[in-house]
Amino acid sequence: MKYSRILGTGSYLPKKVVTNEELSKTVETTDEWIVSRTGIRARHVANEEETSSYMGYHAGLRALEAAGLNANDIDMIIVATTTPDKGLPNTACLLQDRLGITGIPAFDITVACAGFVYALSVADQYIRTGMIKTILVVGVDALTAVTNWEDRSTCVLFGDGAGAVVLQAAENPGILSTHLHADGRQKDSLYIPSWLPGQCKKDEVPYISMDGRAVFRFAVKALEEVVEEALAANQMSQSAIDWLIPHQANLRIITALAEKLKLSLDKVVVTVDRHANTSAASVPMALDEAVRDGRIQRGHTLLLDAIGGGFVWGAALIVY
Ligand code: ACO
């Protein structure tokens, strides 16, 4: 039996940081409101050069370096993003071009904030079946470009960034299992009207639109269920988890999940305070941070979860 194993991780954060204090000068909000409702204190905001393919490329290079590989060793590129550089080509092709390689398959997955967990699952299937040996999986988003900076109910929540892993076939786990779900009935709770010319209706703007309370309620329940599903599928109890690496949307959602799992917060990787919600990048950036600062060690059991507009959600249990 083949497994896929994370060989290396990497991430990229845009240079510009916007604090709550700065935001409170442009919209009617306060640091106190944002921190108490979300745990967010600051976010990184991409400039024109820092597109998804640019950020994904730099995160990918770092993951390759950590894996001890170079771009020519990759057999496939999967990019999870909801904010592609262009309508086409896809971001994975643009990233492939930046890496200076050709020929291997390169495609995007559009699954909002759950994108990285979905991409990891797809990559895992390719490796388990023996079709592909080494895959660069990138989660990247620049949601601040589709954020209405005059809408205080959304603009405080999002940030930009990229995270990446290099996955490779191995005899031992590796990724133990992945669990994916979707519920399209929830399509109106969180969405971005199309930004293609002519496709926005008259009263629509191409910005994130969200029913915050509906998202909150659904996220807590769905994430609790999917992590239980992941543990049950591997006959594991919560006590086997060394690190929970949750989607970084809101500290209150993260805390609710940790409580449900009876995990103390020092077993949870939290970046939402500094990164805000970076969508598909949030989980791989948190993973990379905890790998690089030494919290996550080889042999540790990791539980990843994510949820995004759709709704789409999922979890992965991994031996690092
Ligand atoms: N500053 C000050 N006041 C604000 C702000 C702000 N930035 N935003 C909203 N308010 C006001 C509202 O207008 C409302 O005022 P009102 O009572 O006079 O109408 C009041 O604050 C309370 O608003 P609520 O929406 O009830 O606040 P709540 O406690 O639900 O928190 C929040 C809102 C933070 C959006 C929360 O619902 C949430 O986090 N939901 C999850 C959303 C999320 O994570 N989305 C990310 C994408 S999806 C994903 O990744 C899972």
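Colleague: Which ligand atom is 2.5 Å from an N or O atom in the side chain of Asn250?
Modeller: An oxygen atom of the ligand. A polar contact here is a pair of N or O atoms within 3.5 Å. Keep in mind that this is a predicted model, where local features need pLDDT of at least 70 and side-chain atom pairs count only at pLDDT 80 or more, while totals for chains, interfaces and linings use all residues. Side-chain values use heavy atoms, leaving out hydrogens and water, and residues are numbered from 1 along each chain as its sequence is written.

Colleague: How many residues surround the ligand?
Modeller: 22, counting those with a heavy atom within 4 Å. The closest are Thr29, Arg152, Arg213, His247 and Asn250. The side chain of Thr29 has an N or O atom 2.6 Å from a ligand nitrogen, and for His247 it's 2.8 Å to a ligand oxygen.

Colleague: Switching to helices: how do helix 7 and helix 8 cross, left-handed or right-handed?
Modeller: Right-handed, meaning the near helix is turned clockwise from the far one by less than a right angle. Helix 7 is residues 212-233 and helix 8 is 251-260; their axes come within 10 Å and cross at roughly 35°. Axes are lines fitted to C-alpha atoms over the stretch in contact, with angles from 0 to 180 degrees between N-to-C directions. Helices are DSSP runs (H or I, at least four residues), as are strands (E, at least two).

Colleague: Which residues make that contact?
Modeller: With heavy atoms within 4.5 Å, they include Phe216 and Leu223 of helix 7 and Ile253 and Leu257 of helix 8.

Note on methods: A polar contact is a pair of N or O atoms within 3.5 Å; within protein, one must be able to donate a hydrogen and the other to accept it, and residues adjacent in sequence count only if both atoms are side-chain atoms.
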